Amino acid sequence: MRLSHAWLALQAIAGREIAKFVRQGGRFASALVRPLLWLVVFAAGFQNVFGVSIIPPYDTYIPYQVYIVPGLLGMVLLFNGMQSSLAMVYDREMGMMRLLLTAPLPRSFLLFAKLLAGTLLSVLQAYVFLVIAWLFGVEVPWSGWLYALPVVVLSGMMLGALGLLLSVQVRQLENFAGTMNFVIFPMFFVSPALYPLWKLEESGAAVVHLVAQWNPFTHAVEAIRFALYGQLAATSLAIVAGCLVAFFTLAVRGYDPQRGMLRRTGGKPA
Amino acid sequence: MNDRMKIESEVSRSTPSTKEAVLLDLADVRKSYGAREALRGVSLAVGRGEFVALLGPNGAGKSTLFQLLTGLFNADGGRIEVCGHDIRKDPVAALAHIGVVFQQSTLDLDLGVAANLRFHAALHGLGGARARERVADALARLGLTERAGDPVRELSGGNRRKVELARALVHEPAVLLMDEATVGLDPASRRQLLDEVLALRARGVGVLWATHLVDEAEAADRVIVLHRGQILAEGRPQELAAQVGTASLADAFLQMTGGSGERAD
């Protein structure tokens, strides 16, 4: 694989992804409205219900709005990652995927380019959300914007790779509703996105607390939360990186011509 | 076993026998889906500047064969070489020499005609002025220069297929694979597309044209009849009719395949 060839292909794949995103203006709007509703409406309503005590990385009492910003950043990444997977399923059904997979480049690279392109959009949306949150008076330290960047990128890639993996499993477009119910919502709710996990422990929901520990999204949110305050959540970050490698490897296996999903779904020779 | 079959098929071939002239070489290719055998030992070759029609009813295994040729699946057995590159061991090198027009359209309808071709060029490592030149050439060859900026969505079915053909030629492949490319086209567009592809022979391109339409196969240098995953006959269109003892290739085809297509799954 020549480097210039790989670079050209990456640009083309990312360019197509971005052009598609720009054409679908509604997708951008809904990607931002969703977390904004949580921030403005939900957080306002619950501000006094949840007393958030001082826990790392915070060094003072914080309003609830501030608490949920990392979780909502995670939500943006999660939704976009899943949306990219929906696009992959669509591409596969419309044949675009075949065109991509017959390009003279290693398949793993082509999938990686897809993943990078999706992540680029995720990160862009996450930062636009930060700007909007700031406009609504929900502030995180300015240095945090910079520290969080690599963590947001890594988390976006991990959730995108999960989407890629799901695209191997999801057979039809309709099943995306199932993905929402069985992947997005559980991952989001069983995580520290909306409340600190010790609250679960305190209220005796030991099983949920345990499940949350095993939720990769939990670690993405925590890694982002600490990074926003200039701190390194090494364990969470390592788990996010590990999950990225695992999800991507499994997704590539899924597209392997020897045993992959193409073999199974392509059983129709007509 | 493999070798013996290889030799037999080599003998029966009317292709140029020198190794370099063979662009696409299949030997005893097999593929099953569960218990169903889609391909049961297919051997064939396409030479430089040769137009080979792969004629078979629906369900004969044509699409399976194309999926193997484009590296979407691996064969269970046998060997596929493109310009000497084994598609399994070195898929990247093999794919670089292949141009494909799939049965199902793979154009981005929202992009312009030239933009679709540039996307393809980039996937094949062509960028900048070189890509622009190749794209312009490919469009000019098919008389699409004036449509270069139009969104593909606005094009007729016939022109969309031409765009796909132009795109498949952008990277100047040695082998062109056409998978039932005329499906859904009116007779005039069908003929036009066929003529465009026939003309590629002069440039040395080897073409494998899958179809279930006998009239398309009649234009070929060589016809390979595929039925239920096996090659039933191979030869020049006139020769085939003579072999079976019928007046025309159409009659020969009907007789060989039992008059009806297999279940169209």
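A residue is called buried if 20 or more other C-beta atoms lie within 10 Å of its own, exposed if 12 or fewer do, and partly exposed in between, with the C-beta atoms placed from the backbone. This is a predicted model, in which local features need pLDDT of at least 70 and side-chain atom pairs count only at pLDDT 80 or more, while totals for chains, interfaces and linings use all residues. Residues are numbered from 1 along each chain as its sequence is written, and chains are lettered from A and ligands numbered from 1 in the order in which they are written.

A:Ala117 sits in helix H5 (residues 107-135) of chain A, where helices (H or I, at least four residues) and strands (E, at least two) are DSSP runs numbered from the N terminus. If its neighbours within four places in sequence are left aside, A:Ala117 is in contact with A:Ile13, A:Ala14 and A:Glu17, contact being defined as C-beta atoms, placed from the backbone, that lie within 7 Å.

For chain A, the unreviewed UniProt entry carries the annotation "transmembrane region" over several stretches, including residues 142-166 and 178-198; such positions are given in the numbering used here, feature names are shortened, and annotations may be inferred rather than shown by experiment. In the model, residues 142-166 of chain A are 100% helix and 0% strand, with 35 Å between the end C-alpha atoms. Residues 178-198 of chain A are 67% helix and 0% strand, and their end C-alpha atoms are 29 Å apart.

Where the two chains meet, the contact takes 29 residues from chain A and 31 residues from chain B. On the chain B side, helix H2 (62-69), helix H3 (91-96) and helix H4 (113-123) each supply at least two residues. By class, that side of chain B has 13 nonpolar, 15 polar and three charged residues, where Ala, Val, Leu, Ile, Met, Phe, Trp, Tyr, Cys and Pro count as nonpolar, Asp, Glu, Lys and Arg as charged, and the others, Gly among them, as polar.

Chain B is itself divided into domain 1 (2-97 + 173-256) and domain 2 (109-172), with bounds that come from an automatic or database domain assignment. The centres of these two domains of chain B, taken over C-alpha atoms, are separated by 26 Å, and their contact takes ten residues from domain 1 and ten residues from domain 2. Helix H7 (residues 187-199) of chain B gives the largest share of the domain 1 side, four residues.

One of the partners in E4(B) is B:Ile80, which is bridged to B:Leu26. E4(B) is also joined by two bridges to strand E5 (residues 85-86) of chain B, and these run antiparallel. In the hairpin of E4(B) and E5(B), with two residues between the strands, B:Cys83 takes a positive phi near 50°.

Finally, in helix H10 (residues 249-256) of chain B, the residues B:Leu249, B:Ala252 and B:Phe253 are buried. They lie on the same side of H10(B) because they cover an arc of only 100° around the axis, the arc being that of the directions from the helix axis to the C-beta atoms. Among the elements that cover the buried residues of H10(B) are strand E3 (51-55) and helix H9 (237-244) of chain B.

Terms used
Pairing = 2+ DSSP bridges.
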